[in-house]
Structure formats: C-alpha cells, structure tokens
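The sequence and the structure come first.

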Amino acid sequence: QVQLVETGGGLVQAGGSLTLSCAATASIYRIEAVNWYRQAPGKQRELVAGITSGGNTNYADSVKGRFTVSRDNAKKMAYLKMSNLEPEDTAVYSCEEILWLGPFDTPRQYWGQGTQVTVSS
C-alpha cells in the first residue's frame, strides 16, 4: 500500500530555513497534485501551499513570499522550501497528494503522517 512520508522537519531559529520533502513509499505512475497543510496545537489544519500537475501554485497569505512549493516529476517527489521562518510557523506539516498508481488507475488521495517544524524566537 502506498504511503507518503515527509522528511526535513526540525527545530530552527526565527529567520532560518527548512525544506520539507514528500515521497511515496512505493512505485507510483504520476503525481496529479500536491498540497502542503499544517496544524498547530489548538488550531485547525490549514492549507499552506499547493501545486498542480501543470505547475500552477497557490499559497496561504501568511506564507507568500517566504515558502515555495515545487515538484520533481521524474523523481516523483514534492518539496516545500520555507524561508524566513517565524515562530507562528510552528506546526506539524503534512503533504497530501493525488496520485495515479498506474496509467489506467483512478487517481486517489493520499496523506502523509506529518513532520514537526518548530521555530524558536
């Protein structure tokens, strides 16, 4: 069964940078779309950034200009580069992807379990 695994989280000082990666644990045919979400303690999960199969991106207002979402179609990987991090960015970050497991498959939604990002002031 395909799962998504996020890596790259950790503890960073305010103003620092981190790059999160999202990878599937098994072979897939294609990534249709990628979204990155975050959830801070006591808060609702929020959409941080997304990228479509065509490369169109969207960002939450709170991260525009600081975060960059990208994908490597050949490696079937997705990334979230986070710069100029703020304590308010502290949260568990999860990737969500719409994946084709095979060329004739029906695309389905998959979630990772998340990676903790902590930004100290």
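## Salt bridges

A salt bridge is counted here where a side-chain nitrogen of Lys or Arg lies within 4 Å of a carboxyl oxygen of Asp or Glu. The model is a predicted one. By this criterion, the side chains of Arg66 and Asp89 form a salt bridge, with an N to O distance of 2.7 Å. Arg66 sits in the loop between strand S6 (57-59) and strand S7 (67-72), and Asp89 in the loop between strand S8 (77-82) and S9, so the pair ties together parts that are 23 residues apart in sequence. Arg66 is buried, at 10% relative accessible area, and Asp89 is buried as well, at 1%.

The whole structure holds seven salt bridges. Another of them joins Glu46 to Arg38, whose closest N and O atoms are 2.6 Å apart. Here Glu46 is partly exposed, with 31% relative accessibility, whereas Arg38 is buried, with a relative accessible area of 7%. Both pairs belong to a network of salt bridges that links Arg38, Glu46, Arg66, Glu86 and Asp89. Arg108 and Asp105 also form a salt bridge, their closest N and O atoms being 3.3 Å apart. Arg108 is partly exposed at 43% relative accessibility, and Asp105 is partly exposed at 23%.

## A buried charge without a partner

Glu97 is placed in strand S9 (residues 91-100). Which side chain of opposite charge is nearest to Glu97, and how far away is it? That side chain is Arg71, at 7.8 Å. Glu97 is buried and has no salt bridge; the cut-off for such a bridge is 4 Å between nitrogen and oxygen.

Leaving out residues up to four places away in sequence, Glu97 touches Leu4, Cys22, Ile31, Ala33, Val34, Ala78, Arg108, Gln109 and Tyr110. One of these, Arg108, is the residue that forms a salt bridge with Asp105.

## Overall fold

The protein has 11 strands and zero helices. The radius of gyration is 14 Å, close to the 14 Å that the globule rule gives for 121 residues, so the protein is as compact as a globular protein of that length. Along the principal axes, the C-alpha atoms fill a box of roughly 50 × 25 × 25 Å. Of contacts between residues at least 6 apart in sequence, 54% join residues at least 24 apart.

Of the 121 residues, 40% count as buried. The accessible surface comes to about 6600 Å², and carbon and sulfur atoms account for 47% of this. There are 11 positive and 11 negative side chains, and the centres of the two sets are 3 Å apart.

## Two partly exposed positions

Gly10 belongs to strand S2 (residues 10-13) and is partly exposed, with 24% relative accessibility. Apart from neighbours within four places in sequence, Gly10 contacts Leu18, Gln116, Val117 and Thr118. Between Gly10 and Ala23, which are 13 residues apart in sequence, the C-alpha distance is 17 Å.

Ala26 lies in the loop between strand S3 (18-24) and strand S4 (30-39). Is Ala26 buried or partly exposed? Its relative accessible area is 34%, which makes Ala26 partly exposed. Ala26 and Tyr110 are 84 residues apart along the chain, and their C-alpha atoms are separated by 12 Å. Tyr110 is also among the residues that Glu97 touches.

Key. Residues are numbered from 1 along each chain as its sequence is written. This is a predicted model: local features need pLDDT of at least 70, side-chain atom pairs count only at pLDDT 80 or more; totals for chains, interfaces and linings use all residues. Side-chain values use heavy atoms; hydrogens and water are left out. Helices (H or I, at least four residues) and strands (E, at least two) are DSSP runs, numbered from the N terminus. Buried means under 20% relative accessible area, exposed over 50%, partly exposed in between (1.4 Å probe, protein chains only). Contact means heavy atoms within 4.5 Å. The radius of gyration is taken over C-alpha atoms; the globule rule is 2.2 Å times the number of residues to the power 0.38. Accessible areas come from the Shrake-Rupley method with a 1.4 Å probe; for residues, only the protein chains shown count as cover. Lys and Arg count as positive and Asp and Glu as negative; His and the chain ends are not counted. The place of a charge is taken as NZ of Lys, CZ of Arg, CG of Asp or CD of Glu.
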